[in-house]
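Welcome! Please take a moment to look over the sequence and the model before reading on.

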Amino acid sequence: MGQSRAKQILYWIWAIMAIIIILSLLLTKRTYAQDPKYSNLSEKEQEIAEKMEKKYLGMNEFRTGKETEGEIGEEERVGNHIERYFGDVEIASDKVIGSDILVVKGTLTLYGQVEGTILTLFGDIHLEADAYVEGDVVCVDGKIWKDRNAFVEGDIIERQSSNHYNRVSDEERQEQEIHVTTEHHRPKRKIVRHNFQSDHEPVYADYNRVDGLTLGFNFPSSEWWRKEQKRIGVIGKVGYSFSSKNIQYQIGLERCVFPIFACTVGAEAHDMTDTQDRWIISDLENALGAFLINEDFRDYYKREGFSIYAKNRFFDQLSLKFGYHNDKINNLEKNTEWAVFGKSKDFRPNPWALPYGYCLNEIAAGNDPHMNLQSYSFNLVYDTRDDDENPERGWFINLFAEKAGNGLKSDLDFQRQILDVRRYQPLGWDEGLDLRLRIGSSNGVLPPMYWFDLGGLSTLRGYRHKEFTGDRMLLANIEYTLETSELDWTLFDEMNLVLFVDSGCAWFAESNTPEMQSYWPMDPKYVDKMNEKKLDDSFSSLTWSSLKTNVGIGLSSDDDDFRINFAKRTDVGDGDIVVTIRLKKEF
């Protein structure tokens with residue numbers, strides 16, 4: 001019986017494989033003879049390469065040129081043909097190329113002079129300080145990085161070829177091009193992807209369960225003032241909340257003190273509703289969720305006080321900020337139940353930001369519960385992403401640390417740290433891998449508003465929203481994206497396929513922490529024990545079995561501004577599939 005069963009299983013495996021192979025043959029376009037100069041490319045890449053070459057270099061026929069890899073050789077000047085390279089190439093500062101340059105699947109690093117046009121396919125361009133280009137600089141499916149002293153007489157163009165290239169008109173293709181200005185500065189990421197003047201929206205609106213509708217005015221960002229070459233900038237926002245009947249504001253001044261070193265000092269005052277959940281869901285997504293379907297995914301507290309800070313950008317990718325904060329923290333209650341849909345349910349209560357026992361004592365004494373917190377903070381950011389909103393490659397590392405008390409007049413003494421490491425790695429023409437590791441830790445008496453929550457959106461997507469809480473956190477997210485929209489399949493047309501795994505947990509270093517904060521004053525022995533805890537204490541006790549894991553599949557738009565996720569936890573066999581919809585990249 002067992003042998004017969006095994007044969008039956010083997011038969012079905014072969015049958016399924018045969019069906020897959022037949023479908024693949026039917027769905028795959030017939031191949032054609034490849035042009036010898038693009039023999040190392042796939043059919044799709046060859047088609048794009050030929051059209052890009054014809055469009056930007058005006059070459060209808062192949063004319064023999066130099067095909068090599070590495071550094072330009074001995075000749076000082078090459079004329080009247082295309083210089084072709086497959087792979088990385090570097091042009092030294094003493095070289096003059098008297099023709100067009102075409103680089104395929106490699107990074108071009110230019111120190112010298114090019115008297116024609118530069119075109120790279122599926123690679124990047126680095127224009128260094130002494131670079132000089134008389135023609136255009138065009139990068140297809142890559143990035144252009146320009147030193148402040150590099151000079152380009154023609155246009156600088158970045159363009160993507162992945163939006164159904166064969167099915168758009170020439171006019172639509174032209175609109176897909178991104179013309180990059182030749183300003184003498186090295187951009188932070190994709191060149192002129194962000195126009196701070198046009199991106200600045202002077203009016204803003206928000207909606208949540210504690211303030212209801214808030215309408216207000218935005219001041220330009222720090223980057224906008226820097227781009228306008230102003231040494232002093234006014235930053236922040238002012239608004240009115242109709243349900244809580246509060247005027248909210250955050251207004252500050254920044255002064256550039258050492259322009260050469262991009263060093264800035266600033267101060268700001270605020271009286272505002274704040275949250276620690278911006279890393280989980282964006283402002284727009286949360287406001288739409290609350291306004292439309294009666295779902296508010298954030299928790300809130302009131303913060304009133306001021307901050308003083310200094311920040312410095314050491315180079316394009318690295319920045320550092322130090323700050324001093326003096327805040328009065330209050331709890332907030334929900335003040336509205338209104339939403340367009342979902343009126344049969346209520347918003348969930350907004351949890352208290354301060355220790356439960358302290359609030360009960362203050363209420364019993366007839367006082368409004370609040371705490372004064374004074375702290376120092378440190379924030380280090382290393383960012384090489386090619387785009388802020390929808391990165392495809394690069395690193396993002398953010399280390400944040402805050403210490404309250406320790407000689408400052410603060411009602412609570414604590415220290416917390418959050419490390420967020422992300423890597424965006426393209427795997428090929430139509431594949432990408434996104435990784436994130438997020439670690440949180442603390443010591444001392446951490447107020448509930450700073451506890452770490454996991455579960456639901458952007459965290460453990462197969463679990464309930466904020467199902468796990470603690471003063472320690474470990475989270476890992478892995479996403480593999482396959483650009484199936486390029487395959488013209490009926491099912492996945494216009495959508496990309498995303499496979500993901502989330503794993504992590506949140507826990508308290510002392511399991512009785514929630515109970516201990518229910519009493520006030522807390523037991524001095526407990527307070528001393530928490531102050532003695534090290535930031536890495538209790539991480540060594542983590543085991544694979546303590547991690548909560550889910551797997552999932554998602555369908556996303558090409559620019560990831562819409563995604564639907566289906567996630568299922570792995571620790572139970574009959575758990576529900578959790579469906580979430582996002583309007584922004586998960587991380």
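## About the model

This is a predicted model, in which local features need pLDDT of at least 70 and side-chain atom pairs count only at pLDDT 80 or more, while totals for chains, interfaces and linings use all residues. Residues are numbered from 1 along each chain as its sequence is written, and side-chain values use heavy atoms, with hydrogens and water left out.

## The overall picture

The protein has nine helices and 31 strands. Both kinds of element are DSSP runs numbered from the N terminus: helices are H or I runs of at least four residues, and strands are E runs of at least two.

Of the 587 residues in the protein, 46% are buried. Here, buried means under 20% relative accessible area, exposed means over 50%, and partly exposed lies in between (1.4 Å probe, protein chains only). Among contacts with a separation of 6 or more, 51% link residues 24 or more positions apart; a contact means heavy atoms within 4.5 Å.

## Cavities

Let us look inside. The structure holds two cavities of 30 Å³ or more, and the largest cavity has about 40 Å³ of space. On a 1 Å grid over the protein atoms alone, a cavity is a set of points where a 1.4 Å probe fits but cannot get out, and lining residues have an atom within 4 Å of a point. Grid points are joined across faces, edges and corners, and a volume is the space filled by probe spheres set on the points.

The lining of the largest cavity is made of D327, I329, L373, S375, E402, A404, F414 and Y450. Strand 20 (318–330), strand 21 (370–383) and strand 22 (394–404) each give at least two residues to this lining. By type, the lining has five nonpolar residues, one polar and two charged. In this grouping, Ala, Val, Leu, Ile, Met, Phe, Trp, Tyr, Cys and Pro count as nonpolar, Asp, Glu, Lys and Arg as charged, and the others, Gly among them, as polar.

## Cysteines

A disulfide is a covalent bond between the sulfur atoms of two cysteines. The search used a cut-off of 2.5 Å between the two sulfur atoms, and it found zero disulfides in the whole structure. For C256, the closest cysteine sulfur is in C263, 7.6 Å away, which is too far for a bond. C256 is buried, with a relative accessible area of 15%, and C505 is buried too, at 7%.

Helix 6 spans residues 283–293, and its buried residues are E285, N286, A287, G289 and A290. Strand 14 (203–208) and strand 31 (578–582) are included in what covers them. Just after helix 6 comes N294, with a positive phi of about 65°.

Helix 7 covers residues 356–364, where G357, Y358, C359 and E362 are buried. Their cover includes strand 21, one of the strands that supply the lining of the largest cavity. After helix 7 comes G366, with a positive phi near 80°.

## Residues in the loops

S458 sits in the loop between strand 25 (452–454) and strand 26 (468–470). How buried is S458? S458 has a relative accessible area of 1%. Its side chain reaches the backbone oxygen of I280 at 2.6 Å and makes a polar contact with the side chain of R582 at 2.8 Å. A polar contact is a pair of N or O atoms within 3.5 Å; within protein, one must be able to donate a hydrogen and the other to accept it, and residues adjacent in sequence count only if both atoms are side-chain atoms. Leaving out residues up to four places away in sequence, S458 touches W279, I280, R436, L475, N477, R582 and E586.

K466 lies in the loop between strand 25 and strand 26. K466 is not a glycine, yet has a positive phi of about 55°, and is buried at 14% relative accessible area. D141, in the loop between strand 9 (137–140) and strand 10 (144–146), has a positive phi near 55° and counts as buried at 12% relative accessibility.

The loop between helix 8 and helix 9 (524–532) holds P521. The peptide bond from W520 to P521 is cis, with omega near 0°.

Definitions and conventions. On a 1 Å grid over the protein atoms alone, a cavity is a set of points where a 1.4 Å probe fits but cannot get out, and a pocket is an open set with protein on both sides within 12 Å along at least five of seven lines; lining residues have an atom within 4 Å of a point.
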